Amino acid sequence: FFDSSKRLRCITNAHEERSGGEVIGTFRPCVKKTIQVAINGVTWTATKSGLDFLFCDIYVSKDGSDTYGSGTPNDPFLTIQRAIESALGEPRSYNIHYELNNPNTAIRGASQYRFSSFGKTSKVPINKGYGYYVNRDRIRISSGTYAGAGNIGIHPLGKMLEAVAKDGTVVIDCGDQGYSGVLVSGDRHGREEVTNSGSISFMNVIHNNCK
(Lines give C-alpha, C1' and ligand atoms only; values in the text may rest on other atoms or scores of the structure.)
Protein backbone atom coordinates (compact mmCIF):
# COMPACT_ATOMS: atom_id res chain seq x y z
CA PHE A 1 0.00 0.00 0.00
CA PHE A 2 1.28 3.47 -0.85
CA ASP A 3 0.51 5.81 2.06
CA SER A 4 2.26 8.53 0.10
CA SER A 5 4.93 9.02 -2.55
CA LYS A 6 7.49 8.64 0.23
CA ARG A 7 5.92 6.01 2.47
CA LEU A 8 5.14 2.41 1.59
CA ARG A 9 3.27 0.05 3.89
CA CYS A 10 3.77 -3.70 3.46
CA ILE A 11 1.29 -6.24 4.80
CA THR A 12 2.20 -9.93 4.69
CA ASN A 13 0.81 -13.16 6.00
CA ALA A 14 2.09 -14.20 9.40
CA HIS A 15 5.10 -16.49 9.13
CA GLU A 16 4.86 -19.95 10.62
CA GLU A 17 6.86 -20.64 13.74
CA ARG A 18 9.81 -22.90 13.09
CA SER A 19 9.86 -26.14 14.99
CA GLY A 20 12.86 -28.10 16.16
CA GLY A 21 14.48 -25.43 18.31
CA GLU A 22 17.98 -24.08 17.73
CA VAL A 23 20.20 -25.43 14.96
CA ILE A 24 23.93 -24.65 14.98
CA GLY A 25 24.96 -22.41 12.11
CA THR A 26 21.42 -21.15 11.40
CA PHE A 27 19.05 -18.49 12.70
CA ARG A 28 16.57 -21.05 14.00
CA PRO A 29 14.13 -20.55 15.59
CA CYS A 30 14.41 -17.00 14.23
CA VAL A 31 13.12 -15.96 10.82
CA LYS A 32 15.04 -13.66 8.48
CA LYS A 33 13.20 -11.90 5.66
CA THR A 34 13.78 -9.27 3.02
CA ILE A 35 11.50 -6.98 1.03
CA GLN A 36 11.25 -6.38 -2.70
CA VAL A 37 9.31 -3.50 -4.22
CA ALA A 38 8.68 -3.14 -7.97
CA ILE A 39 7.67 0.28 -9.32
CA ASN A 40 7.33 0.86 -13.06
CA GLY A 41 9.58 -2.07 -13.85
CA VAL A 42 12.29 -1.05 -11.37
CA THR A 43 12.82 -3.42 -8.43
CA TRP A 44 14.22 -2.28 -5.10
CA THR A 45 15.49 -4.96 -2.72
CA ALA A 46 16.13 -4.28 0.96
CA THR A 47 19.09 -6.67 0.98
CA LYS A 48 20.92 -4.58 -1.63
CA SER A 49 20.58 -1.60 0.71
CA GLY A 50 22.02 -3.50 3.64
CA LEU A 51 18.68 -3.94 5.38
CA ASP A 52 17.61 -7.24 6.89
CA PHE A 53 14.45 -7.95 8.81
CA LEU A 54 15.05 -10.43 11.62
CA PHE A 55 12.06 -11.77 13.57
CA CYS A 56 13.63 -13.07 16.75
CA ASP A 57 13.87 -12.85 20.50
CA ILE A 58 17.18 -11.42 21.70
CA TYR A 59 19.71 -13.85 23.18
CA VAL A 60 22.30 -13.27 25.91
CA SER A 61 24.98 -15.72 27.00
CA LYS A 62 28.12 -15.82 29.16
CA ASP A 63 29.91 -16.87 25.96
CA GLY A 64 28.45 -14.01 23.90
CA SER A 65 29.94 -10.76 22.67
CA ASP A 66 28.62 -7.21 22.86
CA THR A 67 31.06 -6.17 20.13
CA TYR A 68 30.60 -8.90 17.53
CA GLY A 69 27.35 -10.56 18.60
CA SER A 70 24.06 -10.11 16.76
CA GLY A 71 21.74 -11.26 19.56
CA THR A 72 20.67 -14.41 17.71
CA PRO A 73 20.74 -17.91 19.31
CA ASN A 74 24.11 -18.82 17.78
CA ASP A 75 25.58 -15.33 18.06
CA PRO A 76 24.35 -13.92 21.39
CA PHE A 77 25.23 -10.74 23.23
CA LEU A 78 27.27 -10.80 26.43
CA THR A 79 25.24 -8.42 28.59
CA ILE A 80 21.60 -7.67 29.24
CA GLN A 81 21.97 -3.94 28.62
CA ARG A 82 23.36 -4.58 25.13
CA ALA A 83 20.30 -6.73 24.42
CA ILE A 84 18.06 -3.89 25.61
CA GLU A 85 19.81 -1.48 23.26
CA SER A 86 19.06 -3.72 20.28
CA ALA A 87 15.42 -4.34 21.25
CA LEU A 88 12.46 -2.84 19.42
CA GLY A 89 11.74 0.77 20.35
CA GLU A 90 8.75 3.09 20.37
CA PRO A 91 6.27 0.73 22.05
CA ARG A 92 2.60 1.70 21.81
CA SER A 93 -0.79 0.21 22.52
CA TYR A 94 -2.60 1.90 19.64
CA ASN A 95 -2.54 2.00 15.84
CA ILE A 96 -1.24 4.87 13.72
CA HIS A 97 -1.92 5.87 10.13
CA TYR A 98 -0.94 8.56 7.65
CA GLU A 99 -2.99 10.67 5.25
CA LEU A 100 -1.90 11.11 1.64
CA ASN A 101 -1.79 14.89 1.90
CA ASN A 102 0.25 14.82 5.11
CA PRO A 103 2.63 11.85 4.91
CA ASN A 104 5.01 13.05 7.61
CA THR A 105 2.50 13.31 10.45
CA ALA A 106 1.31 10.15 12.18
CA ILE A 107 -2.33 10.12 13.21
CA ARG A 108 -3.04 8.17 16.33
CA GLY A 109 -5.94 5.76 16.48
CA ALA A 110 -7.90 4.86 19.59
CA SER A 111 -6.51 2.21 21.89
CA GLN A 112 -8.22 -1.16 21.67
CA TYR A 113 -7.52 -1.81 25.29
CA ARG A 114 -9.70 0.16 27.66
CA PHE A 115 -11.18 -0.56 31.04
CA SER A 116 -14.91 -0.62 31.67
CA SER A 117 -16.81 0.88 34.56
CA PHE A 118 -20.42 -0.12 35.22
CA GLY A 119 -20.67 -1.52 31.69
CA LYS A 120 -19.39 1.63 29.99
CA THR A 121 -16.07 1.94 28.19
CA SER A 122 -13.75 4.58 29.56
CA LYS A 123 -12.74 7.43 27.24
CA VAL A 124 -9.21 7.23 28.60
CA PRO A 125 -7.06 4.50 26.99
CA ILE A 126 -5.56 2.21 29.60
CA ASN A 127 -2.68 -0.13 28.79
CA LYS A 128 -3.16 -3.71 29.89
CA GLY A 129 0.35 -5.06 29.97
CA TYR A 130 3.19 -6.35 27.86
CA GLY A 131 1.10 -8.46 25.50
CA TYR A 132 -0.96 -5.50 24.30
CA TYR A 133 1.99 -3.47 23.03
CA VAL A 134 3.21 -3.09 19.49
CA ASN A 135 7.02 -3.15 19.37
CA ARG A 136 7.49 -5.19 22.53
CA ASP A 137 10.46 -7.53 22.80
CA ARG A 138 11.78 -10.51 24.77
CA ILE A 139 15.32 -11.23 25.98
CA ARG A 140 16.35 -14.86 26.54
CA ILE A 141 19.23 -15.28 28.97
CA SER A 142 21.31 -18.48 29.07
CA SER A 143 22.21 -20.06 32.40
CA GLY A 144 24.94 -18.47 34.50
CA THR A 145 25.65 -15.65 36.94
CA TYR A 146 25.61 -12.17 35.44
CA ALA A 147 27.34 -9.30 37.26
CA GLY A 148 29.14 -6.05 36.60
CA ALA A 149 28.60 -3.37 33.98
CA GLY A 150 25.85 -4.15 31.54
CA ASN A 151 24.10 -6.59 33.88
CA ILE A 152 23.34 -4.46 36.95
CA GLY A 153 21.94 -0.97 37.07
CA ILE A 154 20.28 -1.61 33.73
CA HIS A 155 17.75 0.75 32.13
CA PRO A 156 14.88 -0.28 29.80
CA LEU A 157 15.37 2.85 27.66
CA GLY A 158 11.67 3.48 27.17
CA LYS A 159 11.05 -0.04 25.82
CA MET A 160 8.58 -2.77 26.82
CA LEU A 161 10.60 -5.88 27.63
CA GLU A 162 10.53 -9.30 29.20
CA ALA A 163 13.76 -10.99 30.29
CA VAL A 164 13.39 -14.74 30.74
CA ALA A 165 15.72 -17.58 31.70
CA LYS A 166 16.40 -19.56 28.55
CA ASP A 167 17.71 -22.67 30.28
CA GLY A 168 19.00 -23.63 33.69
CA THR A 169 19.53 -21.13 36.51
CA VAL A 170 20.05 -17.46 35.71
CA VAL A 171 21.35 -15.20 38.50
CA ILE A 172 21.92 -11.44 38.43
CA ASP A 173 24.38 -10.62 41.22
CA CYS A 174 24.60 -6.96 42.26
CA GLY A 175 27.63 -7.59 44.49
CA ASP A 176 28.52 -6.72 48.07
CA GLN A 177 27.75 -3.03 47.56
CA GLY A 178 24.09 -3.81 47.01
CA TYR A 179 23.68 -1.97 43.74
CA SER A 180 20.31 -1.74 42.07
CA GLY A 181 19.55 -4.44 39.55
CA VAL A 182 17.37 -2.10 37.50
CA LEU A 183 17.68 1.69 37.67
CA VAL A 184 14.08 2.30 36.65
CA SER A 185 11.18 0.18 35.44
CA GLY A 186 7.61 1.35 35.05
CA ASP A 187 4.50 -0.69 35.76
CA ARG A 188 3.68 -2.40 32.49
CA HIS A 189 0.03 -2.54 33.56
CA GLY A 190 -0.04 1.22 34.11
CA ARG A 191 -1.01 4.12 31.90
CA GLU A 192 0.85 5.18 28.78
CA GLU A 193 3.36 7.18 30.81
CA VAL A 194 5.12 3.85 31.40
CA THR A 195 6.75 4.24 27.98
CA ASN A 196 8.58 7.38 29.18
CA SER A 197 10.90 5.21 31.24
CA GLY A 198 10.12 1.77 29.83
CA SER A 199 9.48 -1.48 31.63
CA ILE A 200 11.41 -4.72 32.02
CA SER A 201 9.95 -7.77 33.73
CA PHE A 202 12.03 -10.78 34.77
CA MET A 203 10.78 -14.36 34.62
CA ASN A 204 12.65 -17.20 36.37
CA VAL A 205 15.64 -14.89 36.89
CA ILE A 206 17.13 -14.71 40.40
CA HIS A 207 18.43 -11.37 41.79
CA ASN A 208 21.09 -11.59 44.51
CA ASN A 209 22.28 -8.69 46.66
CA CYS A 210 20.24 -6.21 44.63
CA LYS A 211 18.32 -3.27 46.00
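**View 1. Four strands line up in an open sheet.** Two strands count as paired if DSSP finds at least two bridges between them, and the strands themselves are DSSP runs of E with at least two residues, just as helices are runs of H or I with at least four, all numbered from the N terminus. With that in hand, here is an open sheet of four strands in the order β5-β10-β12-β14, with parallel pairing. β5 and β14 (199-203) are at the edges with a single partner strand each, so one side of each has no neighbour in the sheet. From one strand to the next, the twist averages 20°; strand axes are lines fitted to C-alpha atoms, and angles run from 0 to 180 degrees between N-to-C directions. Between β10 and β12 there are six bridges in the parallel sense, and I141 sits opposite A165 in β12.

A quick note on what you are looking at: this is a predicted model, in which local features need pLDDT of at least 70 and side-chain atom pairs count only at pLDDT 80 or more, while totals for chains, interfaces and linings use all residues. Residues are numbered from 1 along each chain as its sequence is written, and side-chain values use heavy atoms, with hydrogens and water left out.

**View 2. A second open sheet has three strands.** Here the order is β11-β13-β15, again with parallel pairing. β11 and β15 are the edge strands, each pairing on one side only, and the twist averages 25° from one strand to the next. Four bridges hold β11 (residues 144-147) to β13, with Y146 opposite I172. On the β15 side, β13 also makes four bridges in the parallel sense; look for V170 with its bridge partner V205 and for D173 opposite N208.

**View 3. Nonpolar residues gather in a core.** A nonpolar core is a set of buried Ala, Val, Leu, Ile, Met, Phe, Trp, Tyr and Cys residues joined through side-chain atoms within 4.5 Å. The largest one has 20 residues, and V60, I84, I139 and I141 touch the most other members. Leaving out residues up to four places away in sequence, I141 touches several others, including V60, I80, Y146 and V170; contact here means heavy atoms within 4.5 Å.

**View 4. One disulfide joins C174 to C210.** The structure holds one disulfide, meaning a pair of cysteine sulfur atoms within 2.5 Å, and here S to S is 1.9 Å. C174 lies in the loop between β13 and α2 (194-197) and C210 in the segment after β15 (205-208), so the pair ties together parts 36 residues apart in sequence. The torsion about the S-S bond is about 90°, so the disulfide is right-handed. C174 counts as buried at 2% relative accessibility, while C210, at 25%, counts as partly exposed. Buried means under 20% relative accessible area, exposed over 50%, and partly exposed in between (1.4 Å probe, protein chains only).

**View 5. Salt bridges link up in a network.** A salt bridge is a side-chain nitrogen of Lys or Arg within 4 Å of a carboxyl oxygen of Asp or Glu. D57, R138, R140 and E162 are linked in such a network. D57 meets R140 at 2.6 Å, N to O, and E162 pairs with R138 at 3.3 Å. E162 is buried at 8% relative accessibility, whereas R138 is partly exposed at 24%.
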